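This briefing looks at two ligands and the residues around them. Please view the structure first, then read the points below.

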Amino acid sequence: MKVAFLASEVIPYAKTGGLADVAGALPRFLAGLGADVKVFLPLYRAVRTKGLVLEPVIEAASLEMGGRSLDYAVHAHRADRVTVLFIDRPEFFDRDGLYGTAAGDYPDNGERFAFFSRAALETMRALDFSPDIIHGHDWQSALAFAYLRHVYGGDPFFARARTLFTIHNLAYQGLFEQEVLARVGLPPALFNMNDLEYFGQVNALKAGILYADAVTTVSPRYSREIQTPEFGCGLDGLLRSRAGVLHGILNGVDYRDWDPATDRHIPRNFTPADLSGKKVCREMLGLEFGLAAPEDRPVVGMVTRLAGQKGLDIVCEALDDLMGLGLTLIILGTGEQKIQDFLLAARKKHSDRFGLKIAFDERIAHTIYAGSDIFLIPSRYEPCGLTQMYAMKYGTIPVVRATGGLEDSVQEYDPRAGEGNGFKFLEAEAGPLVEATARALAVFKKPGSWRKLVGLSLIHI
Ligand code: ADP
Ligand code: GLC
């Protein structure tokens, strides 16, 4: 079976969040099952500067888009039985960020990702790779389904292809002005509410939801949530109308990248049978952040985008009360300026027990999963969430808000029944967050019970 996989970020090439992890892992597993998988990814500057050996596959091609002829090249990299095909057009992709800079999104993102999607389809044809399945992810790949329906409709090369679109986060929709349709070579008539129009703008995500044969999202609960006005981001009606082909499938993770027994990023490896290396990781984590980490004081870690979605505002509000519980808090994250400012000020106030790094750093992230006792994820919404799964694999107990994939993957610990793998709270408020953390701390204070819970969380994954 031939599978074409379109994603705007893929590990180990380019990453801003969980999409990259999934778009890296899923093709490897599909290839392991015998599928012939080709992954399409823009050739960002971040990839260019990695020093990978890229094989030229198409040296010079061009496509017509909105009256312009756009040149590009295609390079390949093969790893784990998966071929990644990089769409190379420096004007669009040789830039500092994937989607924008601190100042905001790139204004031509509509053109950039429409071009990426279109060039991916053209490359399939040029390489005579006629896919059985075309699997696109998030708004950046969604316009591929508009091209397939409205530009390539009836083209025998794609006639066999069945199409699948996965929503990783409904809040990011790719909204552009009406004129973008003509500029990217899509029929201007698609600007109507039954196609791509959405409150006076063009909505790229709609193309995936409307025109793909099947739509998935990344947890069963999120698939139900997005059909309600509260979580539907204005698309709940459309999603309800597609309920027959909409499925929620919990993300998997790749334990070849995330296993404390083999992880090369962490100071000392460990296994469920022998957690002594975790103690070393804990001490080194303290050193990394310039904090003492006495054994009787729990280390609570966070690795997160500093964005409203992730409930950082609730953490900010709860911070003094959390610190009042007598824990050490460690946060690694990048994102919104006002959250950064608040946390930087709070660190001054609690400098002996609050460690903070404003950075995107793979090694430190792994060290936090390995060296913390508890992992905090207070998301306002969470399509799936991978960090709770990584934490559990490293014997680190999650405290999460009961939403989306967090609700599906974490069960409240019941000490009497000896069941569960973490702690949950429902209301997105400081009080319930502090209470759930306090419940975790109460178990932490009884070493026998804590060992049992860590064992349960390790078995669960
Ligand atoms: P989302 O994609 O919504 O940000 P996920 O839980 O699905 O959330 O995935 C987040 C991924 O990004 C994880 O692999 C996590 O380790 C990583 N990550 C997030 N912030 C950072 C950071 N500051 N440094 C390193 N890795 C990070
Ligand atoms: C998105 C979601 C996150 C999910 C990830 C991978 O970034 O915010 O919840 O885990 O995609 O599917």
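**Two ligands and their surroundings**

A backbone N or O atom of Leu-386 sits 2.9 Å from an oxygen atom of ligand 1. The protein covers 93% of the 570 Å² of accessible area that ligand 1 has on its own. The model is a predicted one.

**Ligand 1: polar contacts**
- The side chain of Asp-21 has a polar atom 2.7 Å from an oxygen atom of ligand 1.
- For Lys-310, a polar side-chain atom is 2.8 Å from an oxygen atom of ligand 1.

**Ligand 1: the shell**
- Ligand 1 is surrounded by 21 residues, and the closest are Gly-18, Asp-21, Arg-305, Ala-359 and Tyr-369.
- Eight residues of this shell around ligand 1 are nonpolar, seven are polar and six are charged.
- At least two residues each come from α1 (18-32), β15 (299-306), β16 (328-335), α13 (362-371) and α14 (387-393).
- The strand β15 gives the most to the shell around ligand 1, with three residues.

**Ligand 2: polar contacts**
- A polar side-chain atom of Glu-382 is 2.5 Å from an oxygen atom of ligand 2.
- The side chain of His-168 places an N or O atom 2.6 Å from an oxygen atom of ligand 2.
- For Asn-251, the distance from a polar side-chain atom to an oxygen atom of ligand 2 is 2.7 Å.
- Ligand 2 exposes 310 Å² when taken alone, and the protein buries 92% of that.

**Ligand 2: the shell**
- Around ligand 2 there are 14 residues, and the closest are His-168, Asn-251, Glu-382, Cys-384 and Gly-385.
- The shell around ligand 2 has six nonpolar, six polar and two charged residues.
- The helix α1 gives the most to the shell around ligand 2, with three residues.

Notes: Residues numbered from 1 in each chain as written. Chains lettered and ligands numbered in written order. Predicted model: local features only at pLDDT ≥ 70, side-chain atom pairs only at ≥ 80, totals over all residues. Heavy atoms only, no water. Near = heavy atom within 4 Å. Polar contact = N/O pair within 3.5 Å; in protein donor to acceptor, adjacent residues only side chain to side chain. Areas by Shrake-Rupley, 256 points an atom, 1.4 Å probe, with all protein chains shown as cover. Helix = DSSP H or I, 4+ residues; strand = E, 2+ residues; numbered from the N terminus. Nonpolar A, V, L, I, M, F, W, Y, C, P; charged D, E, K, R; others polar.
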